[in-house]
Amino acid sequence: MKTKAAVIKGIGQPWEIEEIELGDPVSGEVQIRLAASGLCHSDEHLRTGATPLPFFPVLGGHEGAGVVTKVGPGVSNLAEGDHVVLAFVPACGRCRSCAKGMQNICDEGAGLLTGQAIADKTFRVTLGGEPVLQMCLLGTFSPYVTVSEASVIKIDNDIPLDKAALLGCGVSTGWGSATQIGGTRVGDTVVVIGVGGVGINSVQGAASAGARFVVAIDPVEFKRQKAKEFGATHVFASLEEAAPTIGEITWGRMAEVTIITVGEIEGDMIQPAMSITGKGGQVVVTGMGSAADTQVTLSLFELTLLQKRLQGAIFGGVGPRSQIPALLDLYRNGTLKLDELVTRTYRLEQVNDGYQDMLDGKNLRGLIVYSDDDY
């Protein structure tokens, strides 16, 4: 089928709306009519070149939800009409990582930036007869996608699809960074550096886990005020401004967990985060940096003698097949805020406006919402 999509054709270029050719599902795949797609900072990394790609053009978007419209051969757990969330990391359930309970680092994730379908290593999207790379093998900046069943999580029909879309990346990643990877416990002090579409969910995750103090740090006043609504007890514009108060409220013990969720992480951010983390504590690195940046500032003396930990995180450290349903249950009982996360909605043709608003600090999460005119 032919459908429209937002693609970028080179580093530094804007998103362009093009008509693409979308292939039908083969064995192990489904086609989905999307209701919405989140605007995540990771797609901006494609445009800037911070995330290297083997070729252009690339179809963006990796955070979406919709309804299954076609089912390929061999798919037994999904049917036409099912409501689903697309997870930006697949969970095949068969590889060594999945078997060890680490679906969030499923071996199929190795091909996320190749554009080659899990099923047969070919391409489902073409433009002018040439292959198009689907971001995370999804490409939710198009009203229709053809994807592997490994990337699809069935959900109950009562969940609003535009809100469920947020679970495909930002909500699950942020919440799990505080609760699963961070291991926040009752009475802890948790610091979240960067309160965007991921960090705001680390704030509400830490608060839900029973943290005594949740300190949110962001230079944007709008985001600091929003953080209070999601459970932050203290907000600051910078880590330097926050450090004295963190010391005061913890009687010098500092934070048990510090989570770095800025849009673009750099190596010199690590040591300041370690410094406001107490002995035996942990710094969780969730934000993405440039693939070319391999330099980190870190006191090895402090790391060893104060037994601190530096830990990376993807999808919050939890497999999408367990994390997404669990978070939807929390949404139902009012523990997890989803509706309040969406600051602005956009048409697909406004994707560049949405990203500019993100860069200008105007959004917690911008959301592309598809209408009947898009199908």
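This report walks through some features of a predicted protein model, from packed helices to salt bridges and the backbone.

Let's start with a pair of helices. Helix H4 covers residues 170-181, and helix H5 covers residues 199-208. Two packed helices are described by the angle between their axes and the distance between the axes. For H4 and H5, the angle is about 45° and the axes are 7 Å apart.

## Salt bridges across the chain

The model has 19 salt bridges. One of them joins Glu 29 and Arg 124, whose closest N and O atoms are 2.7 Å apart. Glu 29 lies in strand E3 (residues 29-39), while Arg 124 sits in the loop between helix H2 (96-99) and strand E7 (125-127), so this pair ties together parts that are 95 residues apart in sequence. Are these two residues buried or exposed? Both Glu 29 and Arg 124 are buried.

Strand E3 also holds Arg 33, whose side chain meets that of Asp 372 in a salt bridge of 3.7 Å, N to O. Asp 372 comes in the segment after strand E19 (365-369), so the bridge ties together parts that are 339 residues apart in sequence. Asp 372 counts as exposed because its relative accessibility is 64%, and the cut-off for exposed is over 50%. Arg 33, at 31%, counts as partly exposed.

## Another link, and a network

Lys 154 and Asp 82 form a salt bridge too, at 3.7 Å from N to O. Lys 154 is partly exposed at 48% relative accessibility. Asp 82 has 12%, and buried means under 20%, so Asp 82 counts as buried.

Salt bridges can also join up in a group. Asp 156, Asp 158, Asp 329 and Arg 332 are linked in a network of them.

Which residues make the nonpolar surface patch of about 330 Å²? They are Phe 301, Leu 305 and Leu 306. Phe 301 belongs to helix H9 (residues 300-305), and this residue is exposed, with a relative accessible area of 63%.

## Details of the backbone

The peptide bond from Phe 56 to Pro 57 is cis, with omega near 5°. Pro 57 is in the loop between helix H1 (41-48) and strand E4 (58-59).

Which residues have a positive phi although they are not glycines? Lys 121 is one of them, with a phi of about 65°. Lys 121 lies in the loop between H2 and E7 and is partly exposed at 47% relative accessibility. Met 254 is another, with a phi of about 70°. Met 254 sits in the loop between helix H7 (239-249) and strand E15 (255-260), and its relative accessibility of 16% makes it buried.

Methods
Residues numbered from 1 in each chain as written. Predicted model: local features only at pLDDT ≥ 70, side-chain atom pairs only at ≥ 80, totals over all residues. Heavy atoms only, no water. Patch = residues over 30% accessible without salt bridge, like charges linked within 9 Å, V, L, I, M, F, W, Y side chains within 5 Å. Areas by Shrake-Rupley, 256 points an atom, 1.4 Å probe, with all protein chains shown as cover. Salt bridge = Lys/Arg side-chain N within 4 Å of Asp/Glu carboxyl O. Helix = DSSP H or I, 4+ residues; strand = E, 2+ residues; numbered from the N terminus. Buried < 20%, exposed > 50% of the residue type's maximum accessible area, 1.4 Å probe, protein only. Axes fitted to C-alpha atoms, helices over the stretch in contact; angles between N-to-C directions.
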